[in-house]
Amino acid sequence: MQTSEAPPVPQSMDEKKKEVRSPIWVKLRPIYPFIVILAIWQVAAMQAQGNQGRLFPTVDAIVYRAWELVTGPLFRALAENPNLGLFDQIWKLGESPILLHTLNTAWRLPFSFFIAAIVGTVVGILMGRFAFWESFFVPLLSVLLPIPAIAWTPIVVIWSGIGDQTVIVITAFASFLPIAMAVWTGVKTVNPVWIRAAQSMNADKMTIFRTVVLPGSLPMILSGMRIGLARAWRAGVGAEAFAGIRWGLSAGIFDAQEYLDIAFMMVALGILGLFGFVLEKVLFQPIESRTVIRWGMMEAMGAQDKKV
Amino acid sequence: MVTKISIQNLRKIYDTPERRVHALEGVNLNIEDGEFICLVGLSGCGKTTLLNMLAGFVEITAGTITMDGKTLTQDYDKGVVFQEYALFPWRTARQNVEYGLEIRNVPEEERKRISLDFLRLVRLEEFADFFPHNLSGGMRQRVAVARAMAFDPQILLMDEPFGALDAQTREELQALTVDVWQKTKKTILYVTHNLSEAVYLGNRIVVFVPNPGRIREIVKVDLPRPRDDLAPEFIKLQRHVNDLIRDF
Ligand SMILES: Nc1ncnc2c1ncn2[C@@H]1O[C@H](COP(=O)(O)OP(=O)(O)O)[C@@H](O)[C@H]1O
Ligand SMILES: [Mg+2]
């Protein structure tokens, strides 16, 4: 038989071609607004130098400060003892405050997020599968969701003291809520015709759940994880500052406020921004392009997802 | 001839909070093994309902359905092709066709062989590794036919499977369906509201009328295959069925 339909070109091939062809300046285009802003900043800061030097540092001053923050302890140690061993050098590098702040945020945040992702997924699945848990959790989550998680900080501080645990509890809680809601919605709204198709082939309930409901609700689950991560980020950064802990990027920012160290704040803010960007690029985009995008499942819920 | 499915005094009433729908009343039908049965009728006369009861998707209000002499249970093997695209988007064409075989724990090698056989049957073997969203509507429904047949079900239930396709693709798939049916000798129940399609495909055409949904007449189609939809006998039969579904 002759097929009148032209065999469609898979989209992935299209995309690959485009990638190969796009020249370097196309790829760098998103960077140029930053360059413009930095240039304006630099000019403005140079104008203001006379009276406000430290309060409005120039870009080069910020870059220099960043370098100093990272390498300060190492160079001071080298000045005292020029024959420092390699391991000691690395050790000294690790003592730089900005690195300590960064590392503290860098483990606490993903750790809290993963706890939230696991608990949120389990609760969401329970809600989606069992009417009992649905009627139990839906009212709770609906009431809790609109409360900014950061507002819980004083209570959690009183209960669990000042320290990592407080920040982790608040961060995980903040991101757990939207994840549980999204997983629940995803599981509930899986296209029923897929389930009927599996039923007609006599798949049992567990198999249908594993092979149809889970992959079928993946777009919703991933979009919930995204919102969860954004929430974790906001709550975690806030909690760091309000829980009064010592190490953490935003804790550092609030410390720096007392010394009017604008350059430090700018560097820390830059790192915070970079974090979100990297998490998006290394975590979500690869997962999505290998699953829901490859399967063409984003079109179905695309508009909805983009708004979030 | 062996009776495959026997339907007696079947009734279906949908009770919803808003209204009560008498979808089917007094349906009696015997279907022989290997028969190609078309169900036709205006929209809302219970064709889908009957198919869904056969598939076990909706409950029977009254009456009985037996298969091979035994009361129908939910867990017999039936291949279903839906009007909507029902392929799993996260599986390639071949993995979709393999689904029913996986449920039956068929070993991987054999699964692969069988699924490729069926993709060849619907002339899609070169698209085996494509994901559904990279296939056209007609191709998707061909994969759906292959998936519904590959695990060797007892019957094949098709609910306006090609209704969303353009006329030309639709005709190709009708010819393909007859071809698949002749090769596999499965019992097929095929719902359509396209009368030309019904006359082209069926051994018998079951004509439904609505309010409540019931069988008006069962029309036997004795035309030799492959059927020519422009032959006078073909058109005469089509006109007869057309009169049946409208004037009652
Ligand atoms: N799940 C349902 N709940 C309530 N009424 C239904 C349901 N499914 C179908 N019906 C009603 O039953 C009647 C027959 O529907 P259906 O079997 O889909 O007809 P057909 O497939 O012939 O168009 C229609 O009036 C329809 O509105
Ligand atoms: Mg219908």
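**A covered helix in chain B**

Analyst: In H1(B), the buried residues are Lys47(B), Thr49(B), Leu50(B), Leu51(B), Asn52(B), Met53(B), Leu54(B) and Ala55(B). Keep in mind throughout that this is a predicted model.

User: How many residues of helix H1 of chain B are buried, out of how many?
Analyst: The count is 8 of 9, so the helix, residues 47–55, is mostly covered; buried here means under 20% relative accessible area.

User: And what follows H1(B)?
Analyst: Gly56(B) does, and its phi is positive, near 85°.

User: Switching to Arg111(B): is it buried or exposed?
Analyst: Arg111(B) has 16% relative accessibility, so it counts as buried. It is found in helix H3 of chain B, residues 108–121.

User: What does its side chain reach?
Analyst: The side chain of Arg111(B) reaches the backbone oxygen of Val106(B), at 3.3 Å.

User: Now strands. Which way do S1 and S4 of chain B run relative to each other, parallel or antiparallel?
Analyst: Antiparallel: strand S1 (residues 3–15) and strand S4 (residues 62–67) of chain B are joined by 5 bridges. Within that pairing, Ile5(B) stands opposite Met67(B).

User: Which residue in S5(B) does Met67(B) stand opposite?
Analyst: Lys70(B). S4(B) pairs with strand S5 (residues 70–71) of chain B over 2 bridges, in the antiparallel sense.

User: What is there between the strands of that hairpin?
Analyst: The hairpin of S4(B) and S5(B) has 2 residues between its strands, and Asp68(B) takes a positive phi near 50°.

User: Let's move on to pockets. What volume does the largest pocket have?
Analyst: About 730 Å³. Its lining has 18 residues, and those nearest the centre are Phe34(A), Leu38(A), Gly270(A), Ile271(A) and Leu274(A).

User: Which helix gives the most to that lining?
Analyst: H14(A), with 9 residues. Helix H3 (32–52), helix H4 (59–80) and helix H14 (262–290) of chain A each supply at least two lining residues.

User: What is the lining like by class?
Analyst: The largest pocket is lined by 15 nonpolar, 2 polar and 1 charged residues.

User: How many cavities of 30 Å³ or more are found in the whole structure?
Analyst: The search finds 2.

User: Which residues line the largest cavity?
Analyst: Thr105(A), Arg108(A), Leu109(A), Val167(A), Thr171(A), Trp233(A), Gly236(A), Val237(A) and Glu240(A). H12(A) gives the most, with 4 residues. Helix H6 (97–129), helix H9 (164–188) and helix H12 (218–242) of chain A each supply at least two. By class, the lining divides into 4 nonpolar, 3 polar and 2 charged residues.

User: And which residues line the second largest cavity?
Analyst: Its lining is made of chain B residues, including Glu160(B), Phe162(B), Arg170(B), Tyr190(B), His193(B) and Glu197(B). The lining divides into 3 nonpolar, 4 polar and 3 charged residues.

Notes
Residues numbered from 1 in each chain as written. Chains lettered and ligands numbered in written order. Predicted model: local features only at pLDDT ≥ 70, side-chain atom pairs only at ≥ 80, totals over all residues. Heavy atoms only, no water. Pairing = 2+ DSSP bridges. 1 Å grid on protein atoms, 1.4 Å probe; cavity = no way out; pocket = protein on both sides within 12 Å on 5 of 7 lines; lining within 4 Å. Points joined across faces, edges and corners; volume = space filled by probe spheres on them. Nonpolar A, V, L, I, M, F, W, Y, C, P; charged D, E, K, R; others polar. Buried < 20%, exposed > 50% of the residue type's maximum accessible area, 1.4 Å probe, protein only. Polar contact = N/O pair within 3.5 Å; in protein donor to acceptor, adjacent residues only side chain to side chain.
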